Amino acid sequence: MRAILILGFTLFLAACGGRPALDDPPLGEAQLNLEEFFAGDLVAYGQFQDVLGTVRRRFVVEIDGTWDGETLRLLEDFTYEDGSTEQRIWTLTKTGPDTWQGTAPGVIGIATGEERGDTFNWQYTIDLPIGDGETLRVSFDDWMWLLSEDRLLNRAYMFRYGVRIGEVIISFEKL
């Protein structure tokens, strides 16, 4: 019983951890424009960590982004450390000067996001493939920061049933 209480308390504390906010003060003058940053070829390196900080999976993503003036299309080809692959195609539409909506296979409903200065916050729920044709429904609170003209850092907090289960950290580089 004691172990269950300790585990429950640990999970509660992990779920209460702070996260960024769009109102956080900017650290510089950079302005993130998704349609500019993601147009063209990019590569990203990332990993998934569980709520206790254990790295569970690493991956590389090759991205082909196209912007036609209205729609940003991201063709993402994932390769995981075990050799498995996955493809995701995002279709994003700019809905205002700093707001976006998007869809991708597996995404439940519409993803929504907002740019502010060098920061972008993207939120969505998705059925992630976990092998053998099974999926895991999780919600993402995804934060991106423009580090330079050709680098973007992404930290995505993952939730299941409202409880934080881990996070994904990704570094994007324009080629």
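Modeller: Two strands pair if DSSP finds at least two bridges between them. Strands themselves are DSSP runs of E, at least two residues long, numbered from the N terminus. This is a predicted model, in which local features need pLDDT of at least 70, side-chain atom pairs count only at pLDDT 80 or more, and totals for chains, interfaces and linings use all residues. Residues are numbered from 1 along each chain as its sequence is written, and side-chain values use heavy atoms, leaving out hydrogens and water.

Colleague: Which residue in strand 6 is the bridge partner of T99?

Modeller: The partner is E114. Strand 5 (residues 99-103) and strand 6 (residues 107-116) pair antiparallel, over 4 bridges. Their hairpin has 3 residues between the strands. There, G106 takes a positive phi near 95 degrees.

Colleague: How many bridges join strand 6 to strand 7?

Modeller: There are 7, and these strands run antiparallel. Look for T112 opposite Q123 in strand 7. This hairpin has 2 residues between the strands, and G117 takes a positive phi near 60 degrees.

Colleague: What joins strand 8 to strand 9?

Modeller: A hairpin, through 2 residues. Strand 8 (residues 134-148) and strand 9 (residues 151-160) run antiparallel, with 9 bridges. S148 stands opposite R151. Strand 9 then pairs antiparallel with strand 10 (residues 163-174) over 10 bridges. R160 faces V163 across that pair. Y161, in the turn of their hairpin, has a positive phi of about 55 degrees.

Colleague: Which residues touch the most other members of the largest nonpolar core?

Modeller: Start with the general idea. In soluble globular proteins, nonpolar side chains tend to be buried together. A nonpolar core is a set of buried Ala, Val, Leu, Ile, Met, Phe, Trp, Tyr and Cys residues joined through side-chain atoms within 4.5 Å. Here the largest core has 34 residues, and F38, W90, F140 and F172 touch the most other members. Strand 7 (residues 119-131) gives the most to this core, with 5 residues. Contact means heavy atoms within 4.5 Å. Beyond four places in sequence, F38 touches G65, L72, L74, M144, L152 and F172.

Colleague: Is Q47 buried or exposed?

Modeller: Buried means under 20% relative accessible area, exposed over 50%, partly exposed in between (1.4 Å probe, protein chains only). Q47 counts as buried because its relative accessibility is 17%. Q47 lies in strand 1 (residues 40-50).

Colleague: Which side chain makes a polar contact of 2.9 Å with that of Q47?

Modeller: R58 is one of them. Q49 is joined to Q47 by a side-chain polar contact of 2.9 Å too. A polar contact is a pair of N or O atoms within 3.5 Å; within protein, one must be able to donate a hydrogen and the other to accept it, and residues adjacent in sequence count only if both atoms are side-chain atoms.
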